[in-house]
Amino acid sequence: MNLKTEVLIIGGGATGVGIARDLSLRGIPSLLIEKGDFLSGASGRNHGLFHSGARYVVSDPEAARECITENRILRKIVPHCIEETDGLFVSLPEDDLDFRDRFIQACQEITIPAHLLSRDETLSLEPELHPDLLSSVKVPDGAIDPFELVLGNAKDAEDHGAKFLLHTEITSLLLEGNRIKSVLAKDLVGGDEYSIETSYLINATGAWADHFLKRIGLRIGVALSKGSMLITNQRFTQRVINRCRPPSDGDIIVPNHTVSILGTTSVRSEEVEQFEITPEEITLLIKETSRMIPAIEGCRFIRAYAGIRPLFQSGEKGDDRAISRGFALIDHGKRDGIKNLITITGGKLVTYRLMAEKTSDLLCQKMGVDVSCTTHIKPLPGAEKSSGLKNRLAAIGQEETLCDCELVQKAEVEAVLKEGKLKNLQDILHRTRLAKGTCQGAFCVYRLLGVLHDLGMVKVDSNKVLKGFLEERWKGIRPVLWGSALKEEELIEGIYKGIFNL
Amino acid sequence: MHYDLIVIGMGLSGLMAAKTAAEMGKKVLIIGKGLGTLSIFSNTIDLLGTIPPTMKMKDGLSQWVHDHPEHPYGKVGLEKIEEALSSFNSFFPPPYTFQSKNDANSLVPTGAGTFRLTYLIPSTMMKGINLKEKKTLIIGFEGYKDFYARRLADLLNCRGITLSLSENPQTEMTAAALARRMEKPSLRDFIGAEVKKEIRDEELIGFPAVLGVNDPMGVRKDIEKKIGASIFEIPGLPPSIPGMRIFNRFKAKLIQKGGNFLSGYSVSKAIPRKNHFEKIEVFHPPVTNSYSADHFILATGRFIGGGLLADRERIVEPLFNLPVSYIGSQEEWFGKSFFAQHSIHGYGILTDASLRPIDENGKPIFENVWVAGTILSGHHCVNEKSREGIEITTGYWAARNAMKL
């Protein structure tokens, strides 16, 4: 099939989708290609921390400034994706109080509100914290739901004319002179092949940036850093908890719905897709976070997961990089002579909108059009709605519940299914809270397959899908199997390998 | 109170041990937190699912016993396995019996649309083994979210329908609630009439395994009469109603034989004197009672019920503090694939041939303690499909050994 577009965006993470929305609001049509589902890379595998920027105030004030600016904007345009929890930077007896004082001063310099709280004040806010703590500093951190954020951006972009091709992979790039003329792509599910002619191409593939550029012999030098996280079976605190010390491993605990997420590690990785969480990382995360919250030591974990951060190494030649050290915006016209190619990578989830704005600005400049960004003032549709939890609670006992852990109703899932365009099980799980709870989908995915079958939506052997899901689930569960998590696993194995003989 | 035998754990192995001792005229106390994994996993009696249906179970098992001396079956031996199974069967006289077809494994259809090789099949499930040869209709119920008749039917190459039992189709129903309602003639009338309307040329009708708790054969017969076709149950997600039937049967018969049941409490402490156990303590808030016995059988199961506990470094047996066979630490206990045979499931309590726990030198640790059930080392009951067989045979053998001394 032959397609034609003005702008082709590669990558369906927060950045790529953010660009699609930004351009669509400027009236510039685009087509986005993503080889998996939305958020298949770092956007869907991060800590869910809505940074105030405080974490970077001492080490990287520029990045911190970007964070607090975006933090203020996002509170207005995507409030439904954010839980405004606040964050505490906790000082323990072994932590340097000079650092704390520098931290507070640095926050003040870039206008991040920072309030020093005494030990008693801190413990009255968060009783699970270690009683030996010395003090804490309150900052406007929060928790963010990346799925709601990115899917909301995608929906709004689509409503404004952007197009998406998911589960579609680029197979080759065709250069003509100093421009990329077209790309060939393949639908990985349906098998369709596309030839897409484009005037401009934006490489928003994040950790895959070099992998993509390799096709035309270019490289910008993205370093890959694996960050691993652990999800606890309970929510320990109302607020985000940070260790008040220079950023290090295992010093952040982010509340997320009914759980807490412990993170992170930082391990250089060569692989962007094949990576494992090591026992050493698990040990480190538990050891470090339980210094702040002692109960973590004996708690139940429901899953471990990891993401790959693309880190752009500054110091490379070329002057078209973004102003910030947080992300890299590269005009390959100036850098490499490929006139219609832009790469955007690095950055933080909280700065996705800014990255999209800067990329779109650069694109507009190249296109010679003069339209301004509006994403900093136009709220996403849904910004007025309240959190889903209230509705989920209200529906208990009235509707059939597919997922008893996260109270996901059958009707809610059917509504997602009716929107269509979903190509596999993971697509459904990305759009609901199915499989996010204690049993990690061991019951509800079986039920979901039954519902899909009743709706005539299963075209393949659904037990193959079920087995594939159990294998995928295993990757996250295996590293945390001890204590009571092991009890549940014995149950699940007894069901699927025993009773069902899958 | 003093007993000849105290059995700790109320799953199938504990029940078999208590039954065996009670039938020898001994004074028995069985104590447990709940129904064990009977109400979770047990539907049919798996003995050894690795034996193909074309082979007589006895032949396959005899080879297995020979090849696996450290397996619980290797310790109990073929003859005692047969004795134990017939002892189990004596609790289930007609009409609700457990039988094999031609003394071999058979394939029963499951709630996931798969087949499982199993040995002794309860009467309500028996006809399911003919599913491949006969036209079959599978019935599900709106609101019973653990059973999807149409998915099942497609995978098993037959036809499936979902009946609505309530005016509000969104109302949820659990397996236990359905099973209780099945015992009411009015619901059976309704189901009979509805199925009769739907049935075409099917000779067999499959239902989820919820055809009543107390009188499943009565329920089945009544619905069969109304529909005019043979019906069978399909085992599925927990809770297992057929497992509860087994439990209820054991409980009633044991009490009849003078056994004492103490359920809902866990043993808080076991008190040894040298190499001998004297008594256990049970916390009944606000008091602690102690029960003494000449003999003890530990049948507390694996991780689910707390018979074994694991952290990242160690696996322990918390009650008698018996040594657990394990190698390495957490990251080595599990394979890369969910479906692999994980080494952790082969770990457990090491015993001698009479099922007494032993130390690293192979010497019995306590002179009056025996161990039964899945807590034993040397088996992979999930992968092997040997769960109930291990529970029945080791429960029986532990009690026989304990009581003959």
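Buried means under 20% relative accessible area, exposed over 50%, partly exposed in between, with a 1.4 Å probe and protein chains only. Keep that in mind, and let's start.

This is a predicted model, where local features need pLDDT of at least 70, side-chain atom pairs count only at pLDDT 80 or more, and totals for chains, interfaces and linings use all residues. Residues are numbered from 1 along each chain as its sequence is written, chains are lettered from A and ligands numbered from 1 in the order in which they are written, and side-chain values use heavy atoms, with hydrogens and water left out.

My topic is salt bridges. A salt bridge is a side-chain nitrogen of Lys or Arg within 4 Å of a carboxyl oxygen of Asp or Glu. How many does the structure hold over all chains? There are 57.

Take A:Arg473 and A:Glu489. Their side chains form a salt bridge, 3.4 Å from N to O. The pair links distant parts of the chain, 16 residues apart: A:Arg473 sits in helix H14 (residues 462-477), A:Glu489 in helix H15 (residues 483-499). Helices here are DSSP runs (H or I, at least four residues), as are strands (E, at least two), numbered from the N terminus. Buried or exposed? A:Glu489 is buried, at 2% relative accessibility. A:Arg473 is buried too, at 6%.

Next, A:Arg26 and A:Asp22. Their closest N and O atoms are 2.6 Å apart, in a salt bridge. A:Arg26 counts as buried at 7%. A:Asp22 is buried at 1%.

Now chain B. B:Glu202 forms a salt bridge with B:Arg159, at 2.7 Å between the closest N and O atoms. Both residues are buried.

Last, a network. Salt bridges link A:Glu94, A:Asp95, A:Arg243, A:Arg245, A:Lys287, A:Glu288 and A:Arg291.
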